[in-house]
Amino acid sequence: MKKKLLLVGGAGYIGNSIIKHFLKLDYEISIVDNLIYYQKFKYKNKVNFFKGDFLNLLKMKNFINQQDYVVFLAGLVGDPITKKYPKLSKKTNYKNSKIFIKYLLNQNVKKFFFISTCSNYGMVSSKKKAKENEVLKPLSLYAKDKVAIEKYILGFKFKTKSEVIILRFATAFGVSDRMRFDLTINEFTRDLLFFKKLKVYDADTWRPYCHVNDFAITIEKIINIKKKLNFQIFNVGSDKNNYTKRQIAQKIKKILKIGKITFQENSNDPRNYKVNFDKIKKVINFQPNHSVNYGIMETIKYLKKFYVKKKNYTKKMGNYFIK
Ligand SMILES: NC(=O)c1ccc[n+]([C@@H]2O[C@H](COP(=O)([O-])OP(=O)(O)OC[C@H]3O[C@@H](n4cnc5c(N)ncnc54)[C@H](O)[C@@H]3O)[C@@H](O)[C@H]2O)c1
């Protein structure tokens, strides 16, 4: 019998790449997503697709109970959009996420993955890389709600039959079937390619990056692992992909060989953190397959193919998508 995988918020940037990966394996995949960006969802005929708010699933107890693995990805994602829509953000990322998670952890799902973010670290001294037990200093509404939900989930220890895993993803880059150009590497690549100019704020601040296709591999590995990882937290990414924004901009410029980069200090995003990924490497033997250079090159190829004419390039709720 096929294993059953439910992706909550699965029609997004990371969800699409998880679907693509798991469709090659022996899984029955279900997605709930309200397509908040009016995004086209390429896989709707290949998965069980429930269009709507994730809370609608609470009326389908039997369906939830049949799932083996649930990955919670839904929400308003990133600092700018949560700042722009604080009420909707609070409702989705905190209030309703809590309701859904509480319900789910009272059912019989084998493994529940909550997808969190390395943004939770906020600011870390540049002399060290944040491990999972680093004090969290979330700076944005987005990260504050992620931290609050992590804490809420940890309160279910010994109170649920499900195995619970929290994954703090590095900032993603690269091509997915629902693109995002509000992510540093994708955004910088687009700006240098299309507009031939790029303004980099706080160029020497650090972040970890991970290719969007590498996250699905982590989830597959954790699904298949024999040892119990119950209520463990993992940073997901790789130490070698900690970069400053200046380093990222220079990499892109080196590949494109066009465009003018200017720098400005003191933006309203003071995040600055390097992250340590030893735990995920040691416990599940995970290392990302894709380099930042690979991601830049495939994004350039994608942009040239789909956005040749800038008029095809539209913006809704701060997110870019194809008309
Ligand atoms: N992309 C990154 O760099 C990154 C880094 C760290 C963590 N994460 C986490 O990964 C997850 C997925 O991020 P993403 O980049 O794919 O973002 P995304 O915005 O592309 O995906 C989120 C999805 O949630 C859906 N959604 C929003 N509200 C919903 C609701 N009420 N009901 C049902 N669906 C709803 C959206 O339609 C969208 O498809 C998020 O939890 C995010 O915090 C992402």
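The largest cavity in this predicted model is lined by Phe-72, Leu-73, Ala-74, Gly-75, Leu-76, Val-77, Asn-93, Ser-97, Phe-114, Tyr-142, Asp-145 and Lys-146. On a 1 Å grid over the protein atoms alone, a cavity is a set of points where a 1.4 Å probe fits but cannot get out, and lining residues have an atom within 4 Å of a point. Helix 4 (86–104) and helix 5 (141–154) are the elements that give two or more residues to this lining, and helix 5 gives the most, with three residues. Helices (H or I, at least four residues) and strands (E, at least two) are DSSP runs, numbered from the N terminus. Seven residues of the lining are nonpolar, three are polar and two are charged; here Ala, Val, Leu, Ile, Met, Phe, Trp, Tyr, Cys and Pro count as nonpolar, Asp, Glu, Lys and Arg as charged, and the others, Gly among them, as polar.

The largest cavity holds about 80 Å³ of space, and a search of the whole structure finds one cavity of 30 Å³ or more. Grid points are joined across faces, edges and corners, and a volume is the space filled by probe spheres set on the points.

The ligand comes next. Of the 31 residues around the ligand, those that come nearest are Tyr-13, Asp-33, Tyr-142, Ala-172 and Arg-180; a residue counts as near if one of its heavy atoms lies within 4 Å. The protein covers 98% of the 820 Å² of accessible area that the ligand has on its own, an area from the Shrake-Rupley method with a 1.4 Å probe. The shell around the ligand divides into 16 nonpolar, ten polar and five charged residues, and strand 5 gives the most to it, with three residues.

As a whole, the protein has ten helices and 16 strands. Its radius of gyration, taken over C-alpha atoms, is 19 Å, close to the 20 Å that the globule rule (2.2 Å times the number of residues to the power 0.38) gives for 323 residues, so the protein is as compact as a globular protein of that length.

Residues are numbered from 1 along each chain as its sequence is written, and side-chain values use heavy atoms, with hydrogens and water left out. Local features need pLDDT of at least 70 and side-chain atom pairs count only at pLDDT 80 or more, whereas totals for chains, interfaces and linings use all residues.

Notes:
On a 1 Å grid over the protein atoms alone, a cavity is a set of points where a 1.4 Å probe fits but cannot get out, and a pocket is an open set with protein on both sides within 12 Å along at least five of seven lines; lining residues have an atom within 4 Å of a point.
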